[in-house]
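Dear colleague,

Please find below the sequence and the structure that I am handing over to you.

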Amino acid sequence: MHQRRSQFSRRRFLGRSVAAATAAWFVPHFIPSARAAGSANERLNLAFIGAGGRGRANLNGLASENVVALCDVDEGKAASAFADYPQVKRYRDFRKMLDEVDGQIDAVVVSTPDHTHAVAAIDAIRRGKHVFCEKPLAHSIGEVRALQKAATEHNIVTQLGNQGHSSDQIRMLCEWIWDGAIGPVHTVHCLRPGSYSRIGQLASLSEEHAVPESLDWDLWLGPAAERPYHPSFQRSWRGWMPFGTGTIGDWVCHVVDPAFWALDLGSPISVVAETDGYDPERHALTFPRGTHVTYEFAAKGDRGPVTLHWYDGTLAPPRLDEYAWREFPDNTCGLLLGTDGAIRHASHGAGGVRIMPEEKMRAYERPRPTLPRVPNQNHYVDWLQAIRNGTQAGSNFDYGGPLTEIALLGVIATRLTGTRLQWDGPAGRFTNSEEANGRIMPQMRAGWSL
């Protein structure tokens, strides 16, 4: 076993660019903060944009800190959070909130639907506030890159909400890959069953519905094009293209994360989508019932080329019986295929990490851990410690941004089903489709901008 480990692991670990994503633990750099220089036990002052749904979960996860302000465009959905923090200032418009509490807060948590991530996060960043943003980082590639640029310019601490990135298991997977446990990896399969497609609801969009009294519909739309209220837009926003990014946008940052980190994937050079009965014109507002997206990544350093397959909904990967593909909790999983075996993992890379076939797992001598572990595997703690220490969090925007782009490239490929799109990552453009380039940065509604 050890003879096959060669220099693959050590050279990659020391020289690979992904090391920058974990530089927070190795080479601290100063990040100014009103409270970063204070006691490690001093609580940070936080404002929350989005207080229901994921906002509520993030509020619970950051309960150790001082909650200064809560913002939600729907008072009904935020009622529980408002009730638990009766003395905290409440807002509907995050712009007004940030104007009023600017001097009172250290950081902002963004937990809104995808289409408002960028406008909210970049406003906070430009005010010098550290930011925790739910995944995917943004609704378009152009927005992702604008957020990365702003975070760098303002030198703030960021974290994408892909919680599995702080787990011990994802680190173990990386260490095994770098150790050469299954030889050079050439193919990755990632699966998320279930679909957010709303094709069956398209006919109902002509219905008229009154806007609930608790909701400010105009603020909920934010930068998206104006359209009449429909309860499905708000209730099932992930399945509507103007607001969400579908199953692929919701899950890539979890399921692809282990391979993205371990293989230092970066940007693909091509992407093509196969869909189940999807007509980009008739179904333009929503997503397919099933998607298979294929990404090609060029060789990088001492890693060879890699093909990544993403499957969701009704489209599933081929049966790989020798690796017992379907032995996963609820089948949300990933499989990395090497020249000498495979490694499987569960949805967030935070569990089920096994070498296959099983006899290889039993014989494998695990390497000494080389990646620092996050205390209690807590994604929020990772971000809070980075703020206090003047370093960066593990899934900061320079890591989470390119990871999000993989999902967003898949969304664009879905709109041009069957067309193999050539992607120039450094330039941020497609080299063979102006139609696809037109989707890199969609136009925002009047009154909204980055």
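The model is predicted. I begin with strand β8 (residues 270-275), which pairs with β9 in the antiparallel sense over 6 bridges. Within this pairing, V271 has Y295 of β9 as its bridge partner.

Strand β9 also pairs with strand β10 (residues 306-313); these two run antiparallel and are joined by 8 bridges. Here the bridge partner of G290 is G313 in β10.

How many of the 8 residues of strand β9 are buried? Taking buried as under 20% relative accessible area, 7 of the 8 residues in β9 (residues 290-297) qualify, so this strand is largely enclosed by the rest of the structure.

A separate point concerns the parallel pairing. The model contains an open sheet of 6 strands, paired in parallel and ordered β3-β2-β1-β4-β5-β6. Its edge strands, β3 (89-91) and β6 (158-160), each pair on one side only. On average, neighbouring strands of this sheet are turned by 15° against each other, direction ignored.

Within the sheet, strand β4 (residues 107-110) pairs with strand β5 (residues 130-133) in the parallel sense, over 4 bridges.

With kind regards

Note on methods. Residues numbered from 1 in each chain as written. Predicted model: local features only at pLDDT ≥ 70, side-chain atom pairs only at ≥ 80, totals over all residues. Heavy atoms only, no water. Buried < 20%, exposed > 50% of the residue type's maximum accessible area, 1.4 Å probe, protein only. Pairing = 2+ DSSP bridges. Axes fitted to C-alpha atoms, helices over the stretch in contact; angles between N-to-C directions.
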